[in-house]
Amino acid sequence: MPELRKDPIIGRWVIIATERAKRPDQFSSQAPEGPAEKPCPFCKGAELQTPPEIYALRPNRTPPNTAGWELRVVPSIAPFLRIEGDLERRGKGLYDLMNGIGAHEIVIETNQHIANMADLSEEQISKVITCYIDRIGDLEKDRRFKYVLVFKNYGWIAGAGRVRHSRSQLIATPVNPKRVKEELVGARFYHDYHERCVFCDLIKQELESKDRVILDIDGFIAIAPFASRFPFEVWILPKKHSSDFTSLQPSLRPDLGCILKKVLMKLKKGLNDPPYNYVLHTAPFRREKVGYWKSIDYDYHWHIEIMPRLTRVAGFEWGTGFYICPLPPEDAAKFLREVNEA
Amino acid sequence: MSELRRDPIGGRWVIVDTDHPNKPEDFEYEPHSWRGGVCPFCYGNESMTPPEIEAFRQPGTQPNTSGWRVRVVPNKYPALQIEGDLDRRGLGIYDLSNGVGAHEVLIESPYHQKDIPDLLNEEVENFISMYCRRALDLVKDKRFKYIMVFKNFGAAAGASLEHPHTQIVALPMVPKNVMEEIKGAHNYFEYRERCVFCDIIRQETQEKERIILENKHFVSFCPFVSRFPFEIWIIPKKHNGLFCHMPGEEIPALASILKDTITKLKKIFANVSYNFIVHSSPINGDGSTEGYHWHIEFMPKLMRVAGFEWGSGFYIVPTPPELAAKYLREGKT
């Protein structure tokens, strides 16, 4: 019997289609590589092919936009949003609009031509995490911005384009994205009633039942969520309550680097190097203003959502927000637990 | 300068790239091609599907034989099962229920290689009438709260069988985005005592820049807040919440605008894959339907959707809908 499961945070129903379930190993990726690779502007020595850098780790204090860096952040060459100008909120009949003000940055995670973050060292991934925190902190100073989206597209199917060099993207937006808002509202609703964080309750239940736990290390847990939308969807959450990713202590960053690397390596080894996306979900900038709500720090809990792209998503999922997941998350978790990531 | 636009119904913001808009030739999409092979939806293969639920047939032909014009069968691999109770229950902080529902496949015509633009208007009318008949039948089952009618055409859009078909799913609850749309429309109605969709139609038919086609009963247009390039909505001019209550005289008008709109799209994007979904009011008393207005949302599959959209619900549209509508109206390539 298939099951209908409800996401406890935003209330989305998904069908876990147990009837036509394939075995976990049958989901192995056969994604096409995509068109031929372009010359890489992100490698060591190609620094002048990107716009001038915003941030870089240069242990030997080499000058900007030359070799000698370990990690580098540059503006997107094709930004969707522009940094200069005013928002100019306005109406047009019954529609609302404003200017496309924002920032769009690329985090080049390594100077080596490595495609998958799974192949970076834990130490290098920790540096990427610190870089996210530094960049979000810097963008917060611009009072036009409400949120910074941090995400990664790996593989052609997942939208990575024709350069196969490991990178993430940051987009600072003057509005809160819809998904984030829904999570915040759902989490606040739960907190108002229970006076507990829904994510903390979820972590507690997952650690007790263990069915959906993939990894459990100091400080962090990786799970296949109860109401997964996609086969092998993975969430990484800090065990200790925290709404804001940027408040992550430096001492915990290596642990996050470790669990992220292990999860990505399990996906790579277990599912034949599938394309994937991940998105960081964190609290918006909290500034005293109209509509600011003070309980976010108590009711929200940051986390990372990883979505391997193993099945084609058909149009009705987009149109309805209603997903059919062909693999029970319990089976996905068991399979990934057993993949040796070393 | 690009624009941020807010959807007046659900409140979603999207980025519309008005700076360097994508032209039709800038899209690298995966064109649909016919692979052929044995097809369970073709004449003579009726026994390869589960027994038919309903069909329009030439007089004198028997169920599950050839001679049908439109045929509806249960999905061989249903996502939901028709038998059983819902049995809603909790599991700690989680909620779940049995996957009770209906999952039907409507074979639009006997022709394996004829998509909507290749059919006669009359043939399109036939399968639209069948959409309504099936929905009216499923509404009678009080366990169901929503009837979802959608089409995936082409492998890139998720179609696993290439013979053109539509799926009908009856659900025991209302899908999330639909519920949001209904709530948004309801809030607008409460405040203004007008339907937001009727207001959109009024503004669009006055401004005309996003209109593709218009006939006596319907308009097709690229919505001001599109999520995808060349997204198209087809909407009845007369306020009506439930598509299966469509008056008989509207069916030929819908058939003609649907066929002509897709024809225009395919002129620009040869063999493009696409999805469409009929958005309609919930049934059997779930949710207020006063301010809702049924419509078809149509999405050509021109891009790979990236992680940004997944995680954030925040979309980037590389071709402004005004420009998309102009291309579609003029049939420019």
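Student: What is the count of salt bridges between chain B and chain A?

Tutor: The model is a predicted one. In one of the pairs, Arg89(B) forms a salt bridge with Glu3(A), and the closest N and O atoms are 4.0 Å apart. For chain B and chain A, the count of salt bridges is seven.

Student: What area is buried between chain B and chain A?

Tutor: The size of an interface is often given as the accessible area lost when the parts come together. Here 74 residues from chain B and 75 residues from chain A take part in the contact. Carbon and sulfur atoms give 64% of the buried area, which is about 6,600 Å².

Student: Which strands are the edge strands of the open sheet of chain A?

Tutor: The open sheet of chain A has ten strands with antiparallel pairing, in the order β3-β4-β7-β9-β8-β13-β14-β12-β11-β10. An edge strand here pairs on one side only, and this applies to β3 and β10 of chain A.

Student: By what angle are neighbouring strands of the sheet in chain A turned against each other on average?

Tutor: The sheet in question is the open one of ten strands in chain A, with antiparallel pairing.

Student: Which residue in β7(A) is the bridge partner of Arg72(A)?

Tutor: Strand β4 of chain A, residues 71–75, is joined by three bridges to the antiparallel strand β3, residues 55–57. There Ala56(A) stands opposite Arg72(A). Four bridges join β4(A) to β7, residues 103–108 of chain A, again in the antiparallel sense. In β7(A), the partner of Arg72(A) is Ile108(A).

Student: Which residue in β9(A) is the bridge partner of Ile108(A)?

Tutor: Strand β7(A) pairs with β9(A), residues 167–173, in the antiparallel sense over six bridges. In β9(A), the partner of Ile108(A) is Arg167(A).

Student: How many of the five residues of β4(A) are buried?

Tutor: A residue is buried when its relative accessible area is under 20%. Strand β4(A) is mostly covered, and its number of buried residues is four.

Student: At about what angle does helix α3 of chain A run to β11(A)?

Tutor: Helix α3, residues 198–209 of chain A, lies across β10, β11, β12 and β14 of that chain. Relative to β11(A), its direction is at about 75°.

Student: Which helix of chain A do the buried residues of α7(A) pack against?

Tutor: Helix α7 of chain A spans residues 329–338, and its buried residues include Pro329(A), Phe335(A) and Leu336(A). The buried residues pack against strands β1, β2, β10 and β12 of chain A, and also against helix α4 (253–270).

Student: Which residue in β7(B) stands opposite Arg71(B)?

Tutor: In chain B, strand β4 (residues 68–74) and strand β7 (residues 102–107) pair in the antiparallel sense over four bridges. In β7(B), the residue opposite Arg71(B) is Ile107(B).

Student: What distance does helix α1 of chain B reach from its first C-alpha to its last?

Tutor: Helix α1(B) covers residues 121–139 and has 19 residues. At 1.5 Å a residue, the expected value is 27 Å, and the reach in the model is close to this, at 27 Å.

Student: Why does Ala255(B) count as buried?

Tutor: Ala255(B) is placed in helix α4 of chain B, residues 250–268. Setting aside residues up to four places away in sequence, Ala255(B) touches Asn121(B), Val124(B), Glu125(B) and Ile128(B). Buried means under 20% relative accessible area. Ala255(B) counts as buried because its relative accessibility is 0%.

Student: Is Glu193(B) buried or exposed?

Tutor: Glu193(B) is found in the loop between α2 and α3 of chain B. Its phi is near 55°, a positive value in a residue other than glycine. Because its relative accessibility is 67%, Glu193(B) counts as exposed.

Student: What is the relative accessibility of Lys208(B)?

Tutor: Lys208(B) is placed in the loop between α3 and β10 of chain B. Its phi is near 70°, a positive value in a residue other than glycine. Lys208(B) counts as exposed because its relative accessibility is 51%.

How values were computed
Residues numbered from 1 in each chain as written. Chains lettered and ligands numbered in written order. Predicted model: local features only at pLDDT ≥ 70, side-chain atom pairs only at ≥ 80, totals over all residues. Heavy atoms only, no water. Buried < 20%, exposed > 50% of the residue type's maximum accessible area, 1.4 Å probe, protein only. Helix = DSSP H or I, 4+ residues; strand = E, 2+ residues; numbered from the N terminus. Pairing = 2+ DSSP bridges. Expected span 1.5 Å × (residues − 1). Contact = heavy atoms within 4.5 Å. Buried area = accessible area lost by both parts, 1.4 Å probe. Salt bridge = Lys/Arg side-chain N within 4 Å of Asp/Glu carboxyl O. Axes fitted to C-alpha atoms, helices over the stretch in contact; angles between N-to-C directions.
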